[in-house]
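Biologist: Hey, can you walk me through this one? I'd like to start with who touches whom.

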Amino acid sequence: MKEILKLGGILLLVTAIAGAALSMVNAITKPKIEEQKRKITRQALVAALPTADPSVIEPVKENDNIVYYIGYRSPDKTEIAGYAFVAKKSGYSSVIETMVGVDTTGKIIGLKVMEQKETPGLGTKIEEIRYGEDSPWFQVQFLNRYADELAVKQDNGPIESITGATISSRAVTNSIKEGIEILSEKLGGFKKKIELTSEQN
């Protein structure tokens with residue numbers, strides 16, 4: 001009985017030490033991880049809203065959760081450059097997160113994949129930059145398109161899927177389409193394209 005109590009005490013002590021060590025590691029690494037996430041988000045926002053002043057891209061929250069971002073062209077906030085949101089959907093082997101920016105008519109003006117762990121050499125090509133090009137070819141296809149134009153070719157749309165990675169391609173495409181539709185509902189609809197044209201004339 002004494003041996004059992006002794007072993008139990010040793011196990012309890014080891015568990016307590018391990019728990020304390022994990023808490024200490026978490027306390028040290030958590031701020032660094034959060035700072036890295038903020039950095040990635042900020043870089044993605046700048047890419048998604050290229051016509052906005054980076055100093056005036058602000059989150060819009062509901063119940064302390066960020067629903068979308070709004071970007072202004074200048075610090076005086078007199079003109080909206082666009083809106084941004086994070087699109088998420090499960091791909092082949094991970095959840096793919098993409099920061100997407102649209103102008104006031106709902107047209108895509110920028111995007112950047114923030115996180116993905118798809119199959120190397122296949123799904124990971126959603127971030128591939130071809131030789132001689134400056135931007136990921138798959139993502140460039142989305143620029144200047146509206147939600148009703150978003151579908152991969154296998155679904156009778158204009159977006160060319162990555163060879164061998166249709167699931168990943170479809171996940172990105174559908175998540176962006178759904179995200180724009182949700183944003184439109186939150187905003188009470190986008191500004192009509194015809195209205196923008198008449199104002200410019």
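Biologist: Which residues is S175 in contact with, leaving aside its neighbours within four places in sequence?
Modeller: Those are A87, K88 and K89. Keep in mind that this is a predicted model.

Biologist: Okay, and is S175 buried or exposed?
Modeller: S175 is buried, because its relative accessible area is 4% and the cut-off for buried is under 20%.

Biologist: Where does S175 lie?
Modeller: In helix α3, which covers residues 166–187.

Biologist: New topic, the largest nonpolar core. How many residues does it have?
Modeller: It has 29 residues, and I108, F138, F142, I176 and I180 are those with the most contacts inside it. Elements giving two or more residues to this core include β2, β3 and α3. The largest share, 5 residues, comes from α3.

Biologist: What does I108 touch, beyond its close sequence neighbours?
Modeller: Its contacts include V100, F142, L150, I176 and I180.

Biologist: Let's switch to rings. How many aromatic pairs are there?
Modeller: A search of the whole structure finds 3. One of them is Y68 with Y83, an edge-to-face pair at 6.1 Å centre to centre, with 75° between the planes. Y68 is in strand β2 and Y83 in strand β3, so this pair ties together parts 15 residues apart in sequence.

Biologist: And why is the pair of F138 and F142 edge-to-face?
Modeller: Because their planes are at 75°, and over 60 degrees counts as edge-to-face. Their ring centres are 5.4 Å apart. F138 and F142 are both buried.

Biologist: Which residues do ring pairs link into a cluster?
Modeller: W137, F138 and F142. R130 also lies over the face of W137, 4.0 Å from the ring centre.

How values were computed:
Residues are numbered from 1 along each chain as its sequence is written. This is a predicted model: local features need pLDDT of at least 70, side-chain atom pairs count only at pLDDT 80 or more; totals for chains, interfaces and linings use all residues. Side-chain values use heavy atoms; hydrogens and water are left out. Helices (H or I, at least four residues) and strands (E, at least two) are DSSP runs, numbered from the N terminus. Buried means under 20% relative accessible area, exposed over 50%, partly exposed in between (1.4 Å probe, protein chains only). Contact means heavy atoms within 4.5 Å. A nonpolar core is a set of buried Ala, Val, Leu, Ile, Met, Phe, Trp, Tyr and Cys residues joined through side-chain atoms within 4.5 Å. Rings of Phe, Tyr and Trp (its six-membered ring) pair if their centres lie within 6.5 Å; planes under 30 degrees apart count as stacked, over 60 as edge-to-face and the rest as tilted. A charge sits over a ring if NZ of Lys or CZ of Arg is within 6 Å of the ring centre and within 35 degrees of the ring normal.
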